[in-house]
Each structure stands twice: as structure tokens, then as C-alpha cells.
Amino acid sequence: MIAVPPGVRVYLACGVTDMRKGMVGLAMLVQQGLSDDPFSGALYAFRRRRAGLIKLLWHDGIGLCMLTKKLEHGQFVLPSTTTTGRIALTPAQLTALLDGCEWRAPPPRRVPERMG
């Protein structure tokens, strides 16, 4: 796994993306669909309809990088939204997402009542 540098902004694109797109197609999607600059240094994550594949687009200061991760079994834990736009993630949340773990905040736990 390539480590995400500290301080990098991470965005998860809402909705589904055509995974036949390459770097140029995803960069155009960032510009036109998300109204952002793909060369700003932020990392953008895109998903397909079946949540077993994620593509990441990131400009590291030298050039565009596109990383793809496909799970052999199961699906990535993603928000169930069909709206357009993006969701901001922390680098730690992105790491948990790519590891196939629950990356969203856990539900609040009930505090046990005091006995007696």
C-alpha cells in the first residue's frame, strides 16, 4: 500500500463512475463534475456501481497518479448515496476504506446504567 502523505485532502466522489475512464477522463470528471482542480494535490476516490473496485486520482507535484484497487471477495464499505458531489475523508479513513474496514464513525455506545 502506498502511504498517503500527511496533510493531503482526500475526497470520495458520490455516486457511481464509469470505470473505463483513465487518468484524463477522471481528471475531466474532477474539473467538470466536482468543480475542482485535479492538479491541486488533493486525492480523489471514485467507485463503480458494484463496490468491489475503487480508483484513486492524485497529482503528487510531478504528475498524475492513478491507483486501482479491486477486492477479490466482498465490497468496499461506502456511503449509500446517489447524489453528486464529494465527501471529505481523512487519510486514516481512506486507509481503512482501502483495507475494507468500516471507515465511518462508529455509532455511539450506550453507557451502562449504574447498578444499585
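This is a predicted model: local features need pLDDT of at least 70, side-chain atom pairs count only at pLDDT 80 or more; totals for chains, interfaces and linings use all residues.
A disulfide is a pair of cysteine sulfur atoms within 2.5 Å. With that in mind, a search of this whole structure finds zero disulfides.

**Inside the protein**
- The largest nonpolar core has 17 residues, and those touching the most other members are Leu 43, Ile 54, Leu 56, Phe 76, Leu 78, Leu 94 and Leu 97.
- Two or more residues of this core come from each of these elements: strands β1 (10-13), β2 (43-47) and β3 (53-59), and helix α2 (91-98).
- Another core, of 12 residues, lies apart from it and includes Met 19, Ala 27, Phe 46 and Leu 53.
- In soluble globular proteins, nonpolar side chains tend to be buried together.

**On the surface**
- Met 23, Val 24 and Met 28 make a nonpolar surface patch of about 280 Å².
- Val 24 belongs to helix α1, which covers residues 23-33.
- Val 24 counts as exposed because its relative accessibility is 60%, and the cut-off for exposed is over 50%.

**A residue in a loop**
- Ser 35 sits in the loop between α1 and β2.
- The phi angle of Ser 35 is near 55°, a positive value in a residue other than glycine.
- With 63% relative accessibility, Ser 35 counts as exposed.

Notes: Residues are numbered from 1 along each chain as its sequence is written. Side-chain values use heavy atoms; hydrogens and water are left out. A nonpolar core is a set of buried Ala, Val, Leu, Ile, Met, Phe, Trp, Tyr and Cys residues joined through side-chain atoms within 4.5 Å. Buried means under 20% relative accessible area, exposed over 50%, partly exposed in between (1.4 Å probe, protein chains only). Helices (H or I, at least four residues) and strands (E, at least two) are DSSP runs, numbered from the N terminus. Patches are made of residues with over 30% relative accessible area and no salt bridge: like charges are joined within 9 Å, nonpolar side chains (Val, Leu, Ile, Met, Phe, Trp, Tyr) within 5 Å. Accessible areas come from the Shrake-Rupley method with a 1.4 Å probe; for residues, only the protein chains shown count as cover. A salt bridge is a side-chain nitrogen of Lys or Arg within 4 Å of a carboxyl oxygen of Asp or Glu.
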